[in-house]
Each structure stands twice: as structure tokens, then as C-alpha cells.
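Please look through the sequence and the model shown here before reading on. The paragraphs that follow go from the overall fold to the core, and then to a single side chain.

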Amino acid sequence: MTLGQQLKQFRIDRGFSQPELAELAGIEQSYLSKLENDKSVLSNMSFVLY
């Protein structure tokens, strides 16, 4: 499972929409979409997922 697939599954399991999770993470929804679709890689920022 790719990082993008894991991120998407995390979001779905917790009932968040992309805009909701992006807002909580402090990133643009378009960036989250790219991450979930493995079209972008994480920048130097780190995520803490609960």
C-alpha cells in the first residue's frame, strides 16, 4: 500500500472529506488530493495523524 493509499484510507476511516482533513492539516485540498493519488510527495513538513 502506497503512502497515498494509506493517507486516503486514514481519511475515510475517520469520516473526513478531503477539504476537512486538509484544513485540519493546514494544507491545500489540492495538495492533499495529489498526495492521495501519489502525484506528489511530502515536502519537508511532517504530519502527525491521530
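What percentage of the contacts in the protein chain with a separation of 6 or more comes from residues 24 or more positions apart? In this predicted model, such residues account for 39% of those contacts. The protein chain has three helices and zero strands, and its pattern along the sequence reads α-α-α. Of its 50 residues, 24% are buried, while its accessible surface comes to about 3,800 Å², with 51% of that surface belonging to carbon and sulfur atoms.

In soluble globular proteins, nonpolar side chains tend to be buried together. Here the largest nonpolar core consists of eight residues, namely Leu7, Phe10, Leu21, Ala22, Ile27, Tyr31, Leu32 and Leu35. The elements that give two or more residues to this core are α1 (3-13), α2 (18-25) and α3 (29-36), and α3 gives the most, with three residues. One of the core residues, Leu32, is in contact with Leu7, Arg11, Gln18, Leu21, Ala22 and Ile27, when its neighbours within four places in sequence are left aside.

Among these partners of Leu32 is Arg11, a residue of helix α1. Why does Arg11 count as buried? The reason is that Arg11 has a relative accessibility of 10%, and buried means under 20%. If residues up to four places away in sequence are not counted, Arg11 touches Phe16, Ser17, Gln18, Leu21, Leu32 and Glu36. With Glu36, the side chain of Arg11 also forms a side-chain to side-chain polar contact of 2.6 Å.

Terms used: Residues numbered from 1 in each chain as written. Predicted model: local features only at pLDDT ≥ 70, side-chain atom pairs only at ≥ 80, totals over all residues. Heavy atoms only, no water. Helix = DSSP H or I, 4+ residues; strand = E, 2+ residues; numbered from the N terminus. Buried < 20%, exposed > 50% of the residue type's maximum accessible area, 1.4 Å probe, protein only. Contact = heavy atoms within 4.5 Å. Areas by Shrake-Rupley, 256 points an atom, 1.4 Å probe, with all protein chains shown as cover. Core = buried A, V, L, I, M, F, W, Y, C linked by side-chain atoms within 4.5 Å. Polar contact = N/O pair within 3.5 Å; in protein donor to acceptor, adjacent residues only side chain to side chain.
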